[in-house]
Amino acid sequence: AELADRERIAPSYVTRVLRLTLLAPDIVEAILDGKQAPEVTLARVLQPFPGLWQYQPGRLNQAPTLQRSK
């Protein structure tokens, strides 16, 4: 609530944005590299998604093959 007040934005928006810190690292990396599936939009990732990383690609309609290669 303090962050929302300070930034003059809705507390519900802050909650949705902070939830992005729970995205799986491979999904974050794909987004940062511009290699995410076209379906992975800000609107899509702001919707509720599973907390367990292995279920996130399917929920976000992202191909699991975008996982980081070693």
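View 1. Leu42 is exposed, with a relative accessible area of 53% (exposed means over 50%, buried under 20% and partly exposed in between, with a 1.4 Å probe and protein chains only). This is a predicted model, in which local features need pLDDT of at least 70 and side-chain atom pairs count only at pLDDT 80 or more, while totals for chains, interfaces and linings use all residues. Residues are numbered from 1 along each chain as its sequence is written, and side-chain values use heavy atoms, leaving out hydrogens and water. Leu42 belongs to helix α4 (residues 42-45); helices here are DSSP runs (H or I, at least four residues), numbered from the N terminus. Together with Ile9, Tyr13 and Val17, Leu42 makes a nonpolar surface patch of about 320 Å². Areas come from the Shrake-Rupley method with a 1.4 Å probe.

**View 2. The buried face of helix α3.** In α3 (residues 25-32), the buried residues are Asp26, Ile27 and Ala30. Looking down the axis of α3, you will find these buried residues within an arc of 100 degrees, so they line one face of the helix; the arc is taken from the directions from the helix axis to the C-beta atoms. Their cover includes α5 (56-59), where contact means heavy atoms within 4.5 Å.

View 3. Pro25 lies in α3 and is partly exposed, with a relative accessible area of 44%. Pro25 and Trp53 sit 28 residues apart in sequence and 8.4 Å apart in space, C-alpha to C-alpha. Just after α3, Gly34 takes a positive phi of about 70 degrees.

How values were computed. Helices (H or I, at least four residues) and strands (E, at least two) are DSSP runs, numbered from the N terminus. Patches are made of residues with over 30% relative accessible area and no salt bridge: like charges are joined within 9 Å, nonpolar side chains (Val, Leu, Ile, Met, Phe, Trp, Tyr) within 5 Å. A salt bridge is a side-chain nitrogen of Lys or Arg within 4 Å of a carboxyl oxygen of Asp or Glu.
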